[in-house]
Amino acid sequence: MSGTVLVLGATGNTGSAVVEALRRSPGLAVRAASRRGHLRFDWADRSTWNDVLDGVDRMYLVAPIGDPDPMAAVGPFLERAAAAGVRRVVSLSSSAVAFGDPGLGEVAAAVRDAFPEWEILRPSWFMQNFTGAHPVAESIRTTGEFVTATGTGRLPFIDARDIGRTAAHLLVAPEARCGEHLLTGPEALTYDEAAEIMSRVEGRAVRHRAVAPDRFVDFLVSSGYDAAFAAVLAALDSLVRDGGQAVVSDTVERLTGTPPRGFADYLRAPAARHV
Ligand SMILES: NC(=O)c1ccc[n+]([C@@H]2O[C@H](COP(=O)([O-])OP(=O)(O)OC[C@H]3O[C@@H](n4cnc5c(N)ncnc54)[C@H](OP(=O)(O)O)[C@@H]3O)[C@@H](O)[C@H]2O)c1
């Protein structure tokens, strides 16, 4: 395998796992980029955009995080990438986002339309939300409790490292599939069940407090969230509550040959959560 792969978001949950998996491919040059990465790349500073693309033929794309209009930066960057000779893009989206939806759905459509070889990753919610920098993890650390409006809705939580190694597989595969890939962990859990597993594995009480959807936005705003972002989070919880995010896929194992980790195994291996 030869060529040069650019990994954006290379210090993040998924990007760091993509870099780790790609470094096992002999002959491949891996370029790890982010504001704090080996190679400096900042969506907000276009002077950092050109050098990272030099000689690159494949790219892992993490759009600007939490930006309501990621296409403002991603659109012009994709134009530069296509002009620089990038031919395959593996782009991180979400199981909750379809082609053309605002934000990541527009990014997915732009990637599909601009490159001859493209793959859109649509992962479920990350297990890292319980342990990393996510507000759920922060709330668990400080209060032993977290709040959602998901009721008894189920989510097939996935370890971001399984997303990363699937992305790496798609980046180095001889043939592109040019498709969407629903990525999930091995089982769909309610948040109550996830809290029970976490309590058992970590030997401390972790509680899930369920609130009604119409109370959730107020709760988030009173916790310091911007009203617009609170509305987005509440809409996501309603999707889960209504059962629309419960599907378990076999994609990770089908593509990589290795099954994704379950939640208890993820929690039992703290050192392996982040690369
Ligand atoms: N959490 C979930 O449950 C979930 C589920 C489905 C989809 N998603 C999607 O996954 C994405 C997050 O992916 P992730 O968890 O792998 O990322 P992450 O851990 O949040 O890390 C973000 C990465 O982006 C880099 N970054 C941040 N601001 C940047 C900027 N201005 N310019 C360049 N790089 C920047 C960061 O590195 P530096 O700080 O070094 O720049 C870091 O490498 C989001 O789009 C989210 O919608 C999340």
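**Exercise 1.** What covers the buried residues of α5?

Before you start: this is a predicted model, where local features need pLDDT of at least 70, side-chain atom pairs count only at pLDDT 80 or more, and totals for chains, interfaces and linings use all residues. Residues are numbered from 1 along each chain as its sequence is written, and side-chain values use heavy atoms, with hydrogens and water left out.

*Solution.* 
- Step 1: find helix α5 at residues 135-143. Helices (H or I, at least four residues) and strands (E, at least two) are DSSP runs, numbered from the N terminus.
- Step 2: pick out Val 136, Ala 137 and Ile 140, which are buried (under 20% relative accessible area, 1.4 Å probe, protein chains only).
- Step 3: look down the axis of α5; the buried residues fall within an arc of 100°, so they line one face of the helix. The arc is that of the directions from the helix axis to the C-beta atoms.
- Step 4: now the cover, which includes β7 (145-148) and α7 (191-202); contact means heavy atoms within 4.5 Å.

**Exercise 2.** Find which polar side-chain atoms lie 2.7 Å or 3.0 Å from the ligand.

*Solution.* 
- Step 1: start with Thr 11, where a side-chain N or O atom sits 2.7 Å from a ligand oxygen. A polar contact is a pair of N or O atoms within 3.5 Å.
- Step 2: Thr 14 also has a polar side-chain atom 2.7 Å from an oxygen of the ligand.

Notes:
Polar contact = N/O pair within 3.5 Å; in protein donor to acceptor, adjacent residues only side chain to side chain. Buried < 20%, exposed > 50% of the residue type's maximum accessible area, 1.4 Å probe, protein only.
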